Amino acid sequence: MSLSRRDFVKMCTGTVAGMGISQMFHPSVCEAISGTLNGSRPPVLWLQGSGCTGCSVSLLNAVNPHIKQVLLDVISLEFHPTVMAWEGEPAMEHMFKIADEYKGGFFLAVEGSIPVAEDGKFCVIGEAHHKEITMVDAMKELAPKAAAVLALGTCAAYGGIPAAEGSETGAMSVKAFFEQEGISTPVVNIPGCPPHPDWIVGTVVVALEAIKTHGLAAGLGEVVKLLDDQGRPTPFFGENIHDNCPYLPDFEADKMCETLSQKDGCRMSVGCKGPNAMADCFKRKWNNGINWCVQNAVCIGCVEPDFPDGQSPFYESL
Amino acid sequence: MSSCARKGAAGHGKTAHIAIDPVTRIEGHLKAEVTVEGGKVVDAKLSGGMYRGFETILRGRDPRDSSQIVQRICGVCPTAHATASVMAQDAAMGTKVTTNGRITRNLILGANYLQSHILHFYHLAAQDFVQGPDSAPFVPRYKNSDLLTDRNKGLAAINAAAVDQYVEALDVRQICHEMVAMFGGKMPHAQGLVAGGASEIPTKDRILEYAARFDKVKEFVLNKYLPVVYTVGSQYKDLFAVGQGHRACIAYGVFPLNDEMTKFMMKPGVYYGGKDHELDPSKIHEDVKYSWFDDSTTGLHYSKGQTKVSPHKEGAYSFVKAPRYNGVACEVGPLARMWIENPPLSPIGQKALKEHFGLDAKNFRDLGEDAAFSLMGRHVARAEETWYMLSFVESWLKEVKPGEETYVKPEIPASGEGTGFTEAPRGALLHFLKIEDSKIDNYQVVSATLWNCNPRDDKGQRGPVEEALIGIPVPDIENPVNVARLIRAFDP
Ligand code: SF4
Ligand code: SF4
């Protein structure tokens with residue numbers, strides 16, 4: 001089976017949140033993807049740089065499939081600072097060991113940006129072999145060995161808040177760091193501050209399936225074809241919030257709301273950045289379909305490369 | 001495999017140095033270094049390994065942007081940061097929030113309290129006591145982990161039930177996030193907490209949807225969370241006798257029950273030297289002698305606070321500043337709030353305390369200072385606080401008025417300043433905002449992590465968690481399970 005953009009869209013989007021994603025968790029699909037890369041569930045090493053753990057917390061909100069299924073059936077999460085049982089130096093050494101053992105056959109998930117100023121001193125992630133390891137050190141060591149890197153959240157994808165104006169830490173995105181270091185491992189950006197759980201799970205599963213069908217290099221090539229010029233998968237980030245917003249008729253009639261709590265009228269008057277933002281929040285919604293930013297207040301453009309500086313002031317009209 | 005970075009010889013009467021880096025199952029980057037002598041910790045240092053510089057990033061921005069930016073300090077308790085920030089903005093801009101706005105804010109923050117406490121016990125702390133499945137990320141783990149079933153083989157069924165509850169709790173905390181999202185837009189990082197109130201006016205439907213979810217959460221807290229904490233506690237009686245620390249705590253007051261902000265679900269106060277004191281915010285200062293910040297900024301009141309990072313400063317060992325109240329290192333969190341408020345204990349708690357400890361306890365302080373200020377006492381405080389919250393959330397659901405205004409449009413003044421005092425689930429939190437030329441001139445955050453996980457102050461006094469580590473038993477230095485167990489009990 002070859003994976004087209006259309007298939008992916010079909011799989012990943014649905015009018016009901018998570019509906020499409022759950023179809024990917026049909027037992028036959030699960031079976032197809034387990035065994036990808038190395039004959040068992042692919043190891044995932046999850047690094048946290050300069051971030052807030054919000055991306056991890058968002059992933060815990062995965063509904064269909066349940067996060068339990070992701071952890072026990074789909075991937076083998078060998079390192080994750082917020083959930084793993086292990087700790088200290090042995091946990092770090094375990095991570096480096098997995099990277100050697102599965103060289104070219106594991107995924108590196110990165111949450112948070114990489115602060116490079118002062119030799120990386122602004123983010124020490126642990127100790128290994130009696131040496132302090134910074135986020136910079138860990139990226140240099142692990143990224144070249146990974147099959148692919150998932151840059152999760154706007155911090156990892158584009159720098160995000162830790163890299164905003166006024167920052168002194170030299171925080172940068174995974175892509176920018178790779179360019180600086182000459183690392184050529186493929187990167188998929190899944191921005192959002194935080195990203196929707198469907199965006200993360202959907203991308204992982206589709207990547208695994210493409211690899212299963214086409215082999216590692218060609219499979220990743222298929223995935224890369226789905227990315228826009230900001231490195232994000234178009235099925236999730238291919239449409240503009242404003243163009244699809246239920247308030248668009250109000251916008252066109254120049255009917256604007258007056259305060260943040262008023263539900264009538266387009267919200268551009270109180271700062272909505274929907275016209276700047278590419279994401280499918282308008283149909284997917286958040287937290288199991290409960291609500292979304294524009295319905296509740298305003299879009300602040302958190303999926304965009306220039307978030308937050310280019311999207312602020314958040315409560316001023318465009 | 002050696003269990004930890006160690007220097008020095010092991011064995012009886014000898015000194016060993018152990019470093020745990022990273023301390024996992026917490027939010028952020030933390031390293032713990034302890035010195036062990038005669039099977040006990042005799043010295044401890046906590047080092048915060050990350051600096052992002054929110055204070056400098058906020059300077060010069062529109063004051064209203066701060067509540068969005070500061071939520072990104074922590075993805076587990078973003079609503080608390082947003083709450084402190086909008087309160088600081090209200091104070092600096094002179095905005096008076098409506099009654100319905102105040103109650104809606106309580107419903108948003110309240111749902112995240114429930115989420116955070118459940119996540120803390122099951123997903124962060126439980127693996128310190130309960131054996132998970134033999135599959136990553138639950139393995140590898142310490143060889144000699146002193147788990148429930150190691151202590152009592154007869155508890156295999158309870159261990160298995162707790163593992164099931166781990167999975168169930170994932171759903172329950174997700175439901176709590178749905179409750180936040182109902183009035184807050186989404187989680188993590190809610191849009192709905194704004195200067196001037198809340199952006200969502202609750203409707204009848206939404207209140208019912210919130211209430212239906214709340215009922216499920218309540219059932220879980222009553223039937224699973226609270227009982228399991230006492231069951232675990234009854235097997236680890238020794239952990240009620242360690243980790244007392246400075247026996248000093250501070251709380252700012254949270255969940256305002258009136259518009260004048262003079263009555264709270266959990267009241268403000270300070271406790272040290274065996275006495276209660278009224279909270280006087282002018283007594284809060286931050287030392288930086290052992291932190292990677294410029295020495296010229298030490299000892300400042302938070303409203304004069306400066307953030308001048310100095311990452312190579314000799315002798316410093318953490319990016320965390322050391323806040324002190326009147327010079328005292330105070331711990332914050334559920335234990336601090338429960339000790340200061342001293343509310344009634346749950347019927348489940350009263351029964352369990354009688355049964356397992358022979359203790360006649362009606363209110364929280366009846367636990368006694370020794371047991372309350374302990375490793376296990378902090379878990380009990382968190383579970384009891386979750387129980388105590390239930391009836392308050394119910395009362396806010398009755399009080400909130402469908403369709404009534406929750407928002408007052410703020411006017412940004414040319415200049416002004418204000419402090420927002422609240423409590424994150426993990427402890428006392430203040431945000432200070434100073435506006436000049438209608439822009440942020442100074443923004444200072446004193447978070448719960450700063451209060452709990454700080455290094456030594458200018459006088460060389462240990463931070464609260466550092467002090468609580470003293471005396472913690474480490475019988476086997478290859479498996480120093482109690483060290484991070486103590487740290488995690490704080491929800492750092
Ligand atoms: S992208 Fe946003 S949610 Fe994710 S770590 Fe960064 S600040 Fe947190
Ligand atoms: S500006 Fe915002 S609220 Fe208005 S139509 Fe566009 S996306 Fe919708």
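Modeller: Before we look at the ligand, a residue is near a molecule if one of its heavy atoms lies within 4 Å of it. This is a predicted model, where local features need pLDDT of at least 70, side-chain atom pairs count only at 80 or more, and totals for chains, interfaces and linings use all residues. Residues are numbered from 1 along each chain as written, chains are lettered from A and ligands numbered from 1 in written order, and side-chain values use heavy atoms, without hydrogens or water.

Biologist: Which chains surround ligand 1?

Modeller: Chains A and B both give residues, so the site is shared between chains. Two or more shell residues come from each of H4 (54-59) and H8 (153-158) of chain A; helices here are DSSP runs (H or I, at least four residues), numbered from the N terminus. Among the 13 residues around ligand 1, the nearest are Cys52(A), Cys55(A), Thr154(A), Cys155(A) and Cys193(A).

Biologist: How do I read a helix with a buried side?

Modeller: An α-helix has 3.6 residues a turn, so residues three or four places apart point the same way. In H7 (135-142) of chain A, Met135(A), Val136(A), Ala138(A), Met139(A) and Leu142(A) are buried (under 20% relative accessible area, 1.4 Å probe, protein chains only). Down the axis of H7(A) they fall within an arc of 165°, so they line one face; the arc uses directions from the axis to the C-beta atoms.

Biologist: And a helix pair?

Modeller: Packed helices are described by the angle and the distance between their axes. The axes of H4(B) (99-125) and H6(B) (156-184) come within 9 Å and cross at roughly 165°, the axes being lines fitted to C-alpha atoms over the stretch in contact, with angles from 0 to 180 degrees between N-to-C directions. H4(B) and H6(B) are therefore roughly antiparallel (over 145 degrees).

Terms used. Buried < 20%, exposed > 50% of the residue type's maximum accessible area, 1.4 Å probe, protein only. Parallel < 35°, antiparallel > 145°, perpendicular 65-115°, else oblique.
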